[in-house]
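I opened a notebook page for a structure that was new to me. These are the things I looked up, in order.

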Amino acid sequence: KMNIKIGLAGNPNCGKTTLFNLLTGSNQYVGNWSGVTVERKEGILKNHNNITITDLPGIYSLSPYSPEEVVARNYLVNEKPNVIINIVDGTKLERNLYLTLQLMEIGVPIVVAINMMDVVRKNGGKIYIEKLSKMLGVQVVEISALKNLGIDNLISKTIQVANNKTSPPIFMKYNSNIENTLQFIESKINNNSTKEKSRYYSVKIFEKDKYILNSLNLNLETINKINSKINSCEELYNDESVALIINERYKFVEVLLSNCYSGCSKSCDSSN
Ligand code: BGO
């Protein structure tokens, strides 16, 4: 059996700790991510000695503004997990799916586990899982970590996805002007270290993410060419590039929700 590395990612309070404890039991070790005081938790999947699970810090996005976000994205980009389990709080779909779209761009195979389904159902919400799975292009499963529901299904889908090396990564598409600029950036930065993650790198450069730009050691001429393309996009829409990306993601989340969710408005926690 091949060794499998799973990264557990999701928003704060989505139920990640509950799921991690359920999956690993007492087979856990806690340390720190190097250089920062963010807790690093790892464990072995119960009854699967070949499968390691790394619990990533809870985050809302993959920007470089907090140590949690930097730790999570560096792990996902550099430590090459075989699969990401993205835990989504089913009562806060809009905000949580916004992270899902970003995780997909990293290019690591992903399984979306919609948690808190006991609450969603109790509140009369319904998520059309097959439709959502089709529109995202990734496996989606419903779980309740608290009530231990859907966990076997989650594990078998996760192992399937980790073992399937043939399926190409799937990303959300931005509008054609942004896509053209992303393609241009990709053509300028492509080398061996970025090839596998070229979508992630091109979006981050479009967003003017300094960490990423500095890490690539591009020459000045290339940087200038890239910046002038980004600037024309910004002028066209009269907005900053990072805001253009955020808007497009939220627009797509709206489309996902209107097609795949029915119940109390867009988010539906027990307080409504
Ligand atoms: C408290 N269903 C329900 N109903 N609740 C869930 C589920 C689920 O599937 N999964 C998790 N929770 P964490 P992060 C709590 O702690 O795992 C609950 O941040 C409380 N605590 O029990 O900590 C879980 O690691 C007092 O709730 O999430 C926890 O991602 C009153 O969601 C919360 C009510 O889970 C966050 C809840 C003293």
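The entries below go from the whole chain to single residues.

**Ground rules.** I am working with a predicted model, where local features need pLDDT of at least 70, side-chain atom pairs count only at pLDDT 80 or more, and totals for chains, interfaces and linings use all residues. Residues are numbered from 1 along each chain as its sequence is written.

**Domains.** I looked up the domain assignment, whose bounds come from an automatic or database source. It gives domain 1 (4-169) and domain 2 (176-238). The C-alpha centres of the two domains are 28 Å apart. I then checked contacts, counted when C-beta atoms placed from the backbone lie within 7 Å. Here 6 residues of domain 1 meet 7 residues of domain 2. The domain 1 side of this meeting has 4 nonpolar, 1 polar and 1 charged residues. For these classes, Ala, Val, Leu, Ile, Met, Phe, Trp, Tyr, Cys and Pro are nonpolar, Asp, Glu, Lys and Arg are charged, and the others, Gly among them, are polar.

**Ligand.** Which residues are closest to the ligand? I found Gly 15, Lys 16, Thr 17, Thr 18 and Leu 146, in a shell of 15 residues. A residue is near a molecule if its C-beta atom, placed from the backbone, lies within 6 Å of it. By class the shell has 6 nonpolar, 7 polar and 2 charged residues. Helix 1 (16-24) and helix 4 (117-122) each supply at least two of the shell residues. Helix 1 gives the most, with 3. Helices (H or I, at least four residues) and strands (E, at least two) are DSSP runs, numbered from the N terminus.

**Annotated residues.** The unreviewed UniProt entry marks Asn 21, Thr 24 and Gly 25 as "binding site"; such annotations may be inferred rather than shown by experiment. I asked of Thr 24: buried or exposed? A residue is buried with 20 or more other C-beta atoms within 10 Å of its own, exposed with 12 or fewer, and partly exposed in between. Thr 24 has 21 such neighbours, so it counts as buried. Asn 21 is partly exposed because it has 15. Both Asn 21 and Thr 24 lie in helix 1. Beyond four places in sequence, Thr 24 contacts Gly 43, Ile 44, Leu 45, Lys 46 and Ile 53.

**Strand 1.** In strand 1 (residues 4-10), 5 of the 7 residues are buried. Strands pair if DSSP finds at least two bridges between them. Strand 1 runs parallel to strand 4 (residues 51-55), with 5 bridges, and Lys 5 stands opposite Thr 52 there. Strand 5 (residues 83-89) also pairs with strand 1 in the parallel sense over 5 bridges; Val 83 is the bridge partner of Ile 6.

Notes: Contact = placed C-beta atoms within 7 Å.
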